[in-house]
Amino acid sequence: MRALALYKNTSLALLTDLYQLTMAYSYWKEGISERKALYHLFFRRKPFKGGFVVAAGLEAAVHFIELLKFSEEDLSYLEGLRGWDEVPLFDPAFLDYLANLKFTCDVHAVPEGELIFPQEPLVRVTGPILQCQLLETPLLTLLNFPTLIATKAARICHSARGDSVIEFGLRRAQGIDGGVTASRAAFIGGCSSTSNVMAGKFFGVPVKGTHAHSWVMAFDDELDSFYSYARAMPNNCVFLVDTYDTLEGVKSAIEVGLWLKTQGKKMVGVRLDSGDLAYLSIESRRLLDEAGFHDTLIMASNELDEYLIADLKNQGAKIAVWGVGTALATARDCPALDGVYKLSAICDPQGQWLHKLKISEQLVKVTNPGILQVRRFYKQGSPIADIIYDELLGLDEVPCLVDPLDTTRQLFIKDADESRDLLKPVFLKGERVYDLPSLQQIQENAKRNLDIFHPGIKRLVNPHEYPVGLERQLEELKLQIIKQLRTTRH
């Protein structure tokens with residue numbers, strides 16, 4: 001329940017769009033609600049014009065599925081819905097069907113903390129088409145946002161070059177759930193802690209915090225405010241020094257820090273929240289070192305993002321801890337991952353799989369057919385390419401990767417010494433078979449994956465394009481289906 005702790009006493013079956021229910025009802029009316037189908041959740045473009053994406057949100061999706069049940073209150077609400085003619089939308093017998101619905105699908109998913117790329121399925125759902133359909137909206141809302149924020153956090157932490165990054169975004173986040181979800185996802189992406197106390201309680205994320213400008217302003221003198229805070233919180237003294245004059249504030253902090261030493265305590269740090277952070281951090285470091293506070297940390301905040309942090313590092317800023325809020329918790333420069341959930345195969349009455357795809361005038365929106373899996377290939381421990389393949393077709397002995405957006409670009413995987421599939425079984429016939437790792441294990445998995453990939457994919461500008469494509473047989477089948485569809489529809 002950890003990932004859905006905010007809603008532990010609430011039915012979430014109605015966390016969906018109405019059209020999912022109207023389609024489910026239509027499947028039921030047509031008598032095909034139990035027809036076996038297969039859907040994939042994936043995204044089309046990397047956010048932030050970056051080179052990678054960090055998977056997140058699976059734990060919440062697992063708990064949602066385990067708790068999926070329509071309550072009496074849910075069914076009563078649905079019973080009251082009306083169409084344009086004021087006739088009830090749903091037959092009472094359908095609502096009885098929902099009341100007794102038991103989840104029986106297979107779900108395969110990429111574990112949290114894995115690096116993933118466009119067109120690669122993040123989740124694969126196989127089972128009765130009505131059940132698969134009902135999962136579309138909840139899976140997208142539970143996976144898109146945390147994956148986005150984990151990716152943003154990874155970019156920011158990479159720019160910090162090993163310095164601690166604290167997630168500060170609750171006050172600017174999109175509501176309660178947005179803030180709590182962002183805190184968990186930011187930890188996956190590499191943040192060391194959060195200011196969000198609720199996230200600390202729910203997920204075990206370390207919490208950090210000091211005081212605001214209002215604390216200093218509540219006193220007649222800045223020095224008095226620091227002394228008062230030190231007396232109240234002698235084991236948590238990080239002083240915000242820029243309320244009036246930053247370098248004078250550092251001098252006041254040093255005076256209080258000397259007093260703390262006489263009490264057997266220490267000044268942990270000072271925080272800069274405005275001004276020229278490069279200059280002020282260098283001067284603050286000089287003042288602190290001259291006073292003997294060599295281990296006192298300098299923390300910075302003030303509308304930081306990965307680009308500003310990278311620039312400050314290049315300028316030689318003496319900042320050891322970065323507090324990042326709005327840009328992280330809201331993914332301000334790219335506020336949504338374009339995740340989608342598409343039908344890729346359906347069984348005919350004889351139980352044979354039929355490949356399905358969606359055609360579009362935009363090549364990037366043409367979906368991939370089949371029972372898809374992602375095989376990652378390695379050489380000397382480093383990933384060298386990903387191939388999306390159909391489990392029915394399999395892989396050639398020497399796999400060939402085809403760029404789905406330019407079929408003339410092909411890559412034979414000849415020199416890999418290891419490979420593995422990314423999609424792991426999570427539910428089989430509705431029963432969970434996957435042990436959820438701890439949040440700390442997920443963070444470690446993300447860090448390990450970021451470390452072994454080519455550093456070029458982590459560049460902020462013009463990142464290296466990691467090779468990802470369709471297996472050659474799958475690409476040929478896809479083109480064949482597209483030709484058939486275009487022929488029969490003209």
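**Pockets and a domain**

Author: Start with the second largest pocket. Strand S17 (410–412) and strand S21 (468–471) each supply at least two residues of its lining. Keep in mind that this is a predicted model.

Reader: Which strand gives the most to that lining?
Author: S21 does, with three residues.

Reader: How many residues line the second largest pocket, and which lie nearest its centre?
Author: The lining has 24 residues. Nearest the centre are Asp403, Pro404, Glu465, Tyr466 and Val468.

Reader: What's the volume of the second largest pocket?
Author: About 470 Å³.

Reader: And how does its lining divide into nonpolar, polar and charged?
Author: There are 14 nonpolar residues, three polar and seven charged.

Reader: New topic. Which domain does UniProt place at residues 14–144?
Author: The unreviewed UniProt entry has "Nicotinate phosphoribosyltransferase N-terminal" there.

Reader: How much of that stretch is helix, and how much strand?
Author: Residues 14–144 are 40% helix and 17% strand.

Reader: And how far apart are the end C-alpha atoms of that stretch?
Author: They are 18 Å apart.

Terms used: Residues are numbered from 1 along each chain as its sequence is written. This is a predicted model: local features need pLDDT of at least 70, side-chain atom pairs count only at pLDDT 80 or more; totals for chains, interfaces and linings use all residues. Side-chain values use heavy atoms; hydrogens and water are left out. UniProt positions are given in the numbering used here, feature names are shortened, and annotations may be inferred rather than shown by experiment. Helices (H or I, at least four residues) and strands (E, at least two) are DSSP runs, numbered from the N terminus. On a 1 Å grid over the protein atoms alone, a cavity is a set of points where a 1.4 Å probe fits but cannot get out, and a pocket is an open set with protein on both sides within 12 Å along at least five of seven lines; lining residues have an atom within 4 Å of a point. Grid points are joined across faces, edges and corners, and a volume is the space filled by probe spheres set on the points. Ala, Val, Leu, Ile, Met, Phe, Trp, Tyr, Cys and Pro count as nonpolar, Asp, Glu, Lys and Arg as charged, and the others, Gly among them, as polar.
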